[in-house]
Amino acid sequence: MVKFSRRRLLAAAAGLSWGCRGAEVATEAPATESLAAEPPEGPELLATYYPTPLPVVRLMLEMSGLRPGDLLYDLGSGDGRIVLMAAREFGAHAVGYEIDELLIAESRSAIKAADVEDRAEIRNEDLILADYSAPDVISTFLTPEGLAKVTPRLEQTLRPGTRLVAYKFPLPGWTPERVEELVDEDPEIPLHEVFLYRWG
Ligand SMILES: C[S@@+](CC[C@H](N)C(=O)[O-])C[C@H]1O[C@@H](n2cnc3c(N)ncnc32)[C@H](O)[C@@H]1O
């Protein structure tokens, strides 16, 4: 059963960042001769970039029980904030999957600047194709449609006991072990929900 076990009030000064960078959209029609050509196959965008507020990242990692030495995968790692906090503050090994070149460059620089290259990395790979048998913890912030596409892959490859934390959108068809919410003073996004799952 879903249990709402904790509510917290976030101060306005909690450092929430709601900057948003969407995918670039082509505005010009393609040249006539290219219309017959097949578009190149590439990874499907399972969510546009939107960063998880840092207090929510901390809650996700605490809820997951992440410990030093654990391995975490963040599915669609954006600017690398989850990977960074996992490595820097929780002493974990952390891997982010990301396909946006700018975000990959930004997060790799941040990892270098934080001097945690020995336990944090960003893979320029489609998260749909990843093997999920290695991590102890997986974090997600993807659209419901994106989650519906990745859950079969998770179910194929996950190891029993793996913990998953999902921000905002729950994993379709899965029952959370725990649900927590953060209350925000921002009237536009007053509530942040985090879902914790354990596979197997
Ligand atoms: C909503 S953002 C979340 C970013 C970060 N996890 C966070 O919580 O701050 C989703 C991210 O997933 C990435 N993404 C979308 N589809 C992907 C795919 N097929 N493979 C890898 N990354 C993907 C996007 O580029 C975007 O940065």
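The legends below describe close-up views of a predicted protein model. Residues are numbered from 1 along each chain as its sequence is written. Because this is a predicted model, local features need pLDDT of at least 70 and side-chain atom pairs count only at pLDDT 80 or more, whereas totals for chains, interfaces and linings use all residues.

**View 1. Confidence along the protein.** The mean pLDDT (the predictor's confidence in each residue, from 0 to 100) is 85, and 80% of the residues reach 70 or more. Confidence is lowest in strand β1 (residues 4-9), with a mean of 41, and highest in strand β2 (residues 71-75), at 99; helices (H or I, at least four residues) and strands (E, at least two) are DSSP runs, numbered from the N terminus.

View 2. In helix α2 (residues 81-90), 7 of the 10 residues are buried, a residue being buried if 20 or more other C-beta atoms lie within 10 Å of its own, exposed if 12 or fewer, and partly exposed in between, with C-beta atoms placed from the backbone. These buried residues, among them Ile82, Leu84 and Phe90, pack against α1 (54-64), β2, β3 (93-97), α3 (101-113), β4 (120-123) and β5 (137-140). Gly91, which follows α2, has a positive phi, near 70 degrees.

**View 3. Asp126 in its loop.** Asp126 lies in the loop between β4 and β5 and is partly exposed, because 14 other C-beta atoms lie within 10 Å. Leaving aside neighbours within four places in sequence, Asp126 is in contact with Pro43 and Ile99, contact meaning that the C-beta atoms of two residues, placed from the backbone, lie within 7 Å. Asp126 and Glu44 are 82 residues apart in sequence, yet 7.8 Å apart in space, C-alpha to C-alpha.
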